[in-house]
Amino acid sequence: MSAPSQARGALRGTSGRTIVADRAATVVLWALGGFVLLLLGAIILHFVIASIGVVSPSFIFGDPSDTELGGVGPLLWNSVYMLVLAMLIAVPLGILAGIYMSEYAGDNRVTDTIRFAEEAISSVPSIVVGLFGLIAFVNLTHWGFTALGGALALTLFNLPLMARLSEQALRAVPADERSASLALGATKWQTIRHVVLPLAIPGIVTGIILTAGRVFGEAAALLFTAGLSTPTGYNFGNLNIFDPKSPWSPFRPATTLSVYIWKTNSEGLSQFAAQIGDGASALLLGSVLIFNLGARFLGRILTRRLTAA
Amino acid sequence: MNTGDEMTTTTRAQDPIEASIDPSPATLPPRIVPVGPGRTADDARTGSPDVAGVAAMPKVAAEAVSITYGTKLAVRDVSLEVPERSILALIGPSGSGKSTFLRCFNRMNDLIPGARVTGQVRLDGIGLMDPDVSVVELRRRVGMVFQRPNPFPMSIYDNVAYGPRRRGASDRAQLDELVERSLTRAALWTEVKDDLRRKSGLALSGGQQQRLCIARVLATEPEVILMDEPASALDPISTLRVEELMRELRELYTIIIVTHNMQQAARVSDRTAFFNMGEDRAGYLVELDDTRTLFTNPKNQLTEDYVSGRFG
Ligand SMILES: Nc1ncnc2c1ncn2[C@@H]1O[C@H](COP(=O)(O)OP(=O)(O)OP(=O)(O)O)[C@@H](O)[C@H]1O
Ligand SMILES: [Mg+2]
């Protein structure tokens, strides 16, 4: 046998096995990915189909007391309101904490403990958070059930989550970029503001989306803090945020859509519980989708604004 | 050995390095030109004594510099001087502390946890290790080009304007002019002038990226430029362009370049310093001389072995 053909034989032998392994890995990964997509598609499809005939303008914007089925307008409003309130607290504080932990605090036993605590607290069962919120933000403050109390309860696990995810996003920024900026005579803060933060924005936006998802979906932590009452007759013309009757006020009970789904299905008072559940779930899915796309879009604009100038 | 001490005290008062952070570019120090009466530009470059026999004040100097990482000694007791508007090449085997030593001229070692520098480093006679020195101001006067091109993920224009903007420059026309001048000097202008604002610095080729990084340093109007193997990630043609560029920059700047490429050192530098590692693996300065002398007629056997390729 001549040398070239020997070499070719050897080449075929080794690459044959490698190719099999490579193909197997590709197939398995594709299958897993496909399975996840299928699952996601099935969930969305289920609620889209189930909500046909339920979701209509009068369902989205109407009052629960309007018709027999009832609308979910005030509850949707409360979900969005709660989201904004909770994010107003968690996002700025979380990003600042993340900046501190990643850029200033360093690595020692204290900061390791803080990181561990952040991860532990953000995974405490939310019913426990709800009970703590009941003591801290309902009873001790004498506020009763309020949107603010609910938002603060959500903050208990959202803030550590946001801080941890921001920190990770900031840490992932390559040291090269920081050195380049500092070597050009930029101060540490200028480096953070003009190089590190813009590069970390996609990661921070992921953090915001995960945090927001928890606000939208949370029921247990809100049962005992923002309350369970079914809201009706919101008057959006009342802009006095200190009037508990105004839908703009943080000092009023604010049942969210998720809580409402839980409530209608567990009370069993309405014969339409299942339809309300399907319709409200479709709305929640839609809201989450809109929020995620919106957050990504704003993140991209923000990155551009931060890096120019 | 401290001939610079009197000068230190005279220049100190007027030198703004110690005046902390002033964002106005107008307050950048006037470049101190050492070419005085009885002294030619070439004398200043090579550091040879002038007629009166007094050496020109070096632009930068290291005095008994030792650098440790934790407990590991990386650079032992290096003293050397670099005359203004000359190029000093640092050569030596891997691990001999060239990068570490280079970083003490703009205090980048400050950023490495556990790194400790002893001795003194001077710029125009001013002690850079002194506690009242503003590293921000220092790094504007002593720029650095890294081994791996590291443009920011922003437009070419924003990359070059980065330094000036950080010290408060915002006038559009002035910035435009500065960006064009810096890119022209870095031999990149004609290649990028058509999509300055649209194209990201990362979308350039490796060689273009490195010239962009050089332009970015030039835009901060430094006096000294440190280059750590600036051409090691580049193809031969880009390397030649960067070398050409360095020879042009020598007319205006004082440059210290680390290189593994001895031809490169021979081609671009006025003087060459050879670093080696001792028994304890700490780097030290073996020999410093005019580049031609060091390569053709070194005094030290180690240098001769290294430049003739017998080790390293
Ligand atoms: N950040 C660091 N932390 C700890 N030790 C370091 C660090 N940087 C360098 N060293 C050590 O200091 C010594 C000198 O390293 P340095 O990078 O200065 O060498 P060099 O001459 O530039 O080498 P090369 O030619 O490979 O770039 C080496 O032993 C290295 O391990
Ligand atoms: Mg090196």
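Throughout these legends, a residue is called buried under 20% relative accessible area, exposed over 50% and partly exposed in between, with a 1.4 Å probe and protein chains only. The model is predicted, and local features need pLDDT of at least 70, side-chain atom pairs count only at pLDDT 80 or more, and totals for chains, interfaces and linings use all residues. Residues are numbered from 1 along each chain as its sequence is written, chains are lettered from A and ligands numbered from 1 in the order in which they are written, and side-chain values use heavy atoms, with hydrogens and water left out.

**View 1. An aromatic cluster in chain A.**
Let us start with the rings: Trp77(A), Tyr81(A), Tyr234(A), Phe236(A) and Trp248(A) are linked into a cluster by ring pairs. Rings of Phe, Tyr and Trp (its six-membered ring) pair if their centres lie within 6.5 Å; planes under 30 degrees apart are stacked, over 60 edge-to-face, and the rest tilted. Over all chains the structure holds ten such aromatic pairs. Helices here (H or I, at least four residues) and strands (E, at least two) are DSSP runs, numbered from the N terminus. Trp77(A) is buried at 18% relative accessible area, while Phe236(A) is partly exposed at 37%. Trp77(A) also pairs edge-to-face with Trp248(A), at 4.9 Å centre to centre and 75° between the planes. Because Trp77(A) sits in α3 and Trp248(A) in the loop between α9 and α10, this pair ties together parts 171 residues apart in sequence. Trp248(A) is partly exposed, at 32%.

The term means a side-chain nitrogen of Lys or Arg within 4 Å of a carboxyl oxygen of Asp or Glu. Arg115(A) belongs to helix α4 (residues 109-122) and Glu167(A) to helix α6 (residues 147-171), so the bridge ties together parts 52 residues apart in sequence. Arg115(A) is buried at 7% relative accessibility, and Glu167(A) is buried at 0%.

**View 2. A salt bridge from helix to loop in chain B.**
Turning to chain B, we find the side chains of Arg141(B) and Glu223(B) in a salt bridge (2.8 Å, N to O). Since Arg141(B) lies in helix α4 and Glu223(B) in the loop between α8 and β7 (224-228), the pair ties together parts 82 residues apart in sequence. Arg141(B) is buried, at 1%, as is Glu223(B), at 3%.

**View 3. Where chain B meets chain A.**
The contact (heavy atoms within 4.5 Å) takes 24 residues from chain B and 19 from chain A. About 1,800 Å² is buried between the two chains, 62% of it given by carbon and sulfur atoms; buried area is the accessible area (1.4 Å probe) that two parts lose on being put together, summed over both. Phe152(B), Tyr162(B) and Arg166(B) supply 29% of the area that chain B buries against chain A, more than any other three residues. The rule finds one salt bridge across this interface. For that view, look for the side chains of Asp176(A) and Arg148(B), which meet at 2.5 Å, N to O, in a salt bridge.
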